[in-house]
Amino acid sequence: MAPLSLWEKESFFAPADIIIAGSGFAGLWSAYYLKKAHPSLSVTIVDRGSIPTGASTRNAGFACFGSITEMIADSRQMGEDRMLELVEMRYKGLKKIGKTFSNKEIGYKEHGGFELITGSQGMDMNALRSHIDWLNRRLKKIIKTQKTFRIQDDKLAGFGFAGVRHLVENRTEGQLHPGKLCVALLRLVQSMGVTVLNNIEIKGFEKDNGRLLLHTNQPFTLSAGQLLVCTNAFARQLLPQLDTEPARGQILVTSPIDKLSFKGAFHFEQGFYYFRDLGDRVLLGGARNLAMEDERTDQLTVTDTIQHELERFLRETILPGKTYTIDHRWSGIMGMGKDKQPILEQVEDGVFCAVRMSGMGVALTPVIGEKIADLMLNGK
């Protein structure tokens with residue numbers, strides 16, 4: 001890289017009040033709330049890629065806050081109160097997206113959400129009704145509706161699925177275009193005065209006279225008063241003490257389906273399988289639980305093991321008897337850990353993090369961005 005000009009040093013690469021590592025949803029929402037609270041702050045976002053390449057632009061585009069079986073499993077693992085706290089953050093985050101952007105800007109469609117219940121899951125109608133009643137009572141204060149979930153088995157025949165016993169509907173769920181949401185957020189924060197630098201990787205940092213010097217993969221350092229790490233699955237590269245690890249999520253998209261018989265966002269098996277309509281195509285992702293160890297990776301590739309399982313589920317359950325091809329395949333890298341709660345904290349003097357979205361970054365980051373901005377600016 002050529003030596004920086006004086007103009008570049010005093011504009012793009014000028015010392016900043018706050019530098020954010022990562023230009024995905026967490027970094028963009030954090031920048032938004034920092035500038036909203038204090039417009040005079042100089043905020044710079046730094047990303048090692050030309051665009052965000054973790055999960056923000058590579059997910060399935062679900063605007064959801066959790067399925068029945070996922071919430072049951074989370075309640076058993078982390079306790080009911082913490083599960084509900086997480087659901088509330090996701091729901092509030094989705095509401096914040098809707099208040100910030102128009103449906104057209106982000107490709108939002110509210111076709112509802114559904115969960116498939118099969119015989120292999122060991123849940124009969126009585127158990128299913130009991131779980132739904134329990135969750136509806138607990139979610140009433142959060143969602144502001146009497147019945148968030150309801151059994152809608154009468155829709156199964158029209159959807160054309162095979163081997164599904166029960167269908168649980170959540171009318172408040174939707175779907176969006178994550179690429180368009182990222183672009184809309186980027187334009188918004190830039191209009192507020194945020195500088196965004198791409199193809200620069202922060203390799204490390206050190207303290208220098210009360211400021212932070214950030215070492216990069218370029219022949220220069222950056223200077224900041226505070227550093228916010230929003231690299232999610234990759235956060236341990238800068239902060240190795242964090243409990244976060246990568247988890248790959250693989251996706252495929254079919255060719256157009258003649259007379260596709262369903263619309264909506266669909267969940268199966270605690271959310272490990274998920275699919276939705278994409279116009280007249282089907283987007284299907286997941287099956288990570290089939291090879292958990294292999295999918296603990298930061299490699300943006302697809303594998304035969306997962307893709308074959310997705311194709312089997314597509315062929316046997318979602319589109320039995322239909323003719324189609326697979327036109328697109330890709331993967332994204334989520335940030336997971338021992339706990340599903342996001343890590344939102346001050347790591348050391350001047351250094352903060354907002355990571356570990358556990359595959360729910362679309363919904364969580366508007367709330368997390370606001371919370372971390374408050375912590376950085378007000379200490380709470």
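What is the phi of Gly79, the residue that follows H3? Gly79 has a positive phi, near 95°. The legends below cover the whole chain first and then the close-ups.

This is a predicted model, in which local features need pLDDT of at least 70, side-chain atom pairs count only at pLDDT 80 or more, and totals for chains, interfaces and linings use all residues. Residues are numbered from 1 along each chain as its sequence is written, and side-chain values use heavy atoms, with hydrogens and water left out.

**Figure 1. The whole chain.**
The chain holds ten helices and 18 strands. Helices (H or I, at least four residues) and strands (E, at least two) are DSSP runs, numbered from the N terminus. The radius of gyration is 22 Å, close to the 21 Å of the globule rule for 380 residues, so the chain is as compact as a globular protein of that length. That radius is taken over C-alpha atoms, and the rule is 2.2 Å times the number of residues to the power 0.38. Along the principal axes, the C-alpha atoms fill a box of roughly 65 × 45 × 40 Å. Of the 380 residues, 52% count as buried. Buried means under 20% relative accessible area, exposed over 50%, and partly exposed in between (1.4 Å probe, protein chains only). Contact means heavy atoms within 4.5 Å. Among contacts between residues at least 6 apart in sequence, 72% join residues at least 24 apart.

**Figure 2. Surface and charge.**
The accessible surface comes to about 17000 Å², and 48% of it belongs to carbon and sulfur atoms. Areas come from the Shrake-Rupley method with a 1.4 Å probe; for residues, only the protein chains shown count as cover. There are 47 positive and 43 negative side chains. The centres of the two sets lie 6 Å apart. Lys and Arg count as positive, Asp and Glu as negative; His and the chain ends are not counted. Each charge is placed at NZ of Lys, CZ of Arg, CG of Asp or CD of Glu.

**Figure 3. The nonpolar cores.**
A nonpolar core is a set of buried Ala, Val, Leu, Ile, Met, Phe, Trp, Tyr and Cys residues joined through side-chain atoms within 4.5 Å. The largest has 71 residues, of which Ile20 and Leu139 touch the most other members. Helix H10 (residues 361-378) gives the most to this core, with nine residues. A second, separate core of 25 residues includes Leu116, Leu252, Leu284 and Phe313.

**Figure 4. Helix H3 and its cover.**
Eight of the eleven residues of H3 (residues 68-78) are buried, so the helix is largely enclosed by the rest of the structure. The buried residues are Ile68, Thr69, Glu70, Met71, Ile72, Asp74, Ser75 and Met78. Their cover includes helix H4 (80-100), strand S4 (113-117), helix H6 (125-143) and strand S6 (166-170).

Leaving aside neighbours within four places in sequence, Leu139 is in contact with Met71, Leu84, Val87, Lys144, Thr148 and Phe149. Lys144 is exposed, at 67% relative accessible area. Thr148 is buried, at 2%. Beyond four places in sequence, Thr148 is in contact with Phe65, Asn136, Leu139, Ile143, Glu169, Asn170 and Arg171.

Most residues other than glycine have a negative phi. Lys144 has a positive phi of about 65°. Glu269 has one of about 55°. Glu269 sits in the loop between strand S13 (265-268) and strand S14 (273-278). Glu269 is partly exposed, at 29% relative accessibility.

**Figure 5. Gly193 in its loop.**
Gly193 lies between helix H8 (178-191) and strand S8 (195-197). Its relative accessible area is 43%, which counts as partly exposed. Gly193 touches Lys35 and Val43, not counting residues up to four places away. Its C-alpha is 9.9 Å from that of Ala31, 162 residues away along the chain.

**Figure 6. Ile372 in helix H10.**
Ile372 is found in H10 and is buried, with a relative accessible area of 0%. Not counting residues up to four places away in sequence, Ile372 touches Ser30, Leu228, Leu344, Glu345, Phe352, Cys353 and Ala354. The C-alpha atoms of Ile372 and Leu344 are separated by 6.5 Å, with the two residues 28 apart along the chain.
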